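Subject: Structure for your review

Dear colleague,

Please find the structure below, followed by an account of what was found in it. I would be grateful if you would read the two side by side.

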Amino acid sequence: MTASARLTARKSILLAFLWMSSCSSSAIAQQEIVTLPTRAGVTQSYFLTSIPKNLHAVAVLFPGSGGLIHLRTENGKPRFDQGKFLVRSRAEFVKRGVAAAILDVPSDQQSGWGMSDEFRLGDAHFNDMSAVIEDLEKRFPGLPLFLVGTSRGTISAAALGARLGQRAAGAVLTSTMFFQTPRNSKEPGQGLSQFDFSTIKVPLLFVHHVSDQCVSTPYGDAARLSDRYPLITVFGGSSPTSGPCDAFSQHGFLGKESETVEEIVNWMLKKPMREEVK
């Protein structure tokens, strides 16, 4: 074989190697819907985001309201409701080295508005989430796993943070549901009004917008806990386009999603963190 032929062969091998590497990277980064059997006759699904190459941690994201995001497959692609703060901000986690698992409600909670507060605090939800945590531990062995909730999702993150022990590296509560909502409201429940935050033995971070106008998530209660737990206070953003307890308002960090997630991830990864986002 001539020198020229040997050079051509080497180039071909190199190009083939680069092509296979590219395909492998794409496969690793593939987004997917994961559905797990949990309780008898019940399944629990979550959406797994793209996996960043610089992967440092995993975040389990609990959306607000009843947690119902209508996770499904259409034309071979994952589809789900994307309006809630943590759902629409998922790429902000990924680009900072954190893979995200976005929870939908289990198969037996699909009717109505989703999971009640009592369900989130109960054994059935814990069993469902234990299956999810076990699945993520197998996929990402050795990586720290954080529980991140917003609004009513903070009920799940707090309750699980108290029960999972060291299987979780920490819990992040954004727009925390400090107060109950009345029985005559469209989404009644006790929130975290009776919850003892000291039962959470893993590191705990609060994140709250100073102008949150939702009656069940007042900023003042987060501020009162700041002598015991770290607090990220968010200022400013865009003008609300939804009600004060909905996601497109200060309650959902509208217009400040990127900066808010950046500081959450900094806290997760033990990097310098700004306590005020302006």
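Where in the chain is the place of Phe 253? Phe 253 is in the loop between β10 (231-234) and α8 (257-268). Helices (H or I, at least four residues) and strands (E, at least two) are DSSP runs, numbered from the N terminus.

Before going further, please note that this is a predicted model, in which local features need pLDDT of at least 70 and side-chain atom pairs count only at pLDDT 80 or more, while totals for chains, interfaces and linings use all residues. Residues are numbered from 1 along each chain as its sequence is written, and side-chain values use heavy atoms, with hydrogens and water left out.

The chain as a whole

The chain contains 8 helices and 11 strands. Of its 278 residues, 48% are buried; buried means under 20% relative accessible area, exposed over 50%, and partly exposed in between (1.4 Å probe, protein chains only). Among contacts (heavy atoms within 4.5 Å) between residues at least 6 apart in sequence, 71% join residues at least 24 apart.

Positive phi values

Most residues other than glycine have a negative phi. Phe 253, although not a glycine, has a positive phi of about 55°. Phe 253 also counts as buried, because its relative accessibility is 0%. Ser 65 is likewise not a glycine, and its phi is positive, near 55°. Ser 65 lies in the loop that runs between β3 (57-62) and β4 (72-74).

A hairpin

Strands β1 (residues 32-37) and β2 (residues 43-48) pair in the antiparallel sense, over 6 bridges; two strands pair if DSSP finds at least two bridges between them. Thr 35 has Ser 45 in β2 as its bridge partner. This hairpin has 5 residues between the strands, and Gly 41 takes a positive phi near 75° in it.

The surroundings of Met 129

Which residues does Met 129 touch, not counting those up to four places away in sequence? They are Gln 44, Phe 62, Leu 103 and Leu 160. Met 129 is part of helix α5 (residues 123-139). Its relative accessible area is 2%, so Met 129 is buried. Between Met 129 and Pro 106 there are 9.7 Å in space, C-alpha to C-alpha, and the two are 23 residues apart in sequence.

Yours sincerely,
A colleague
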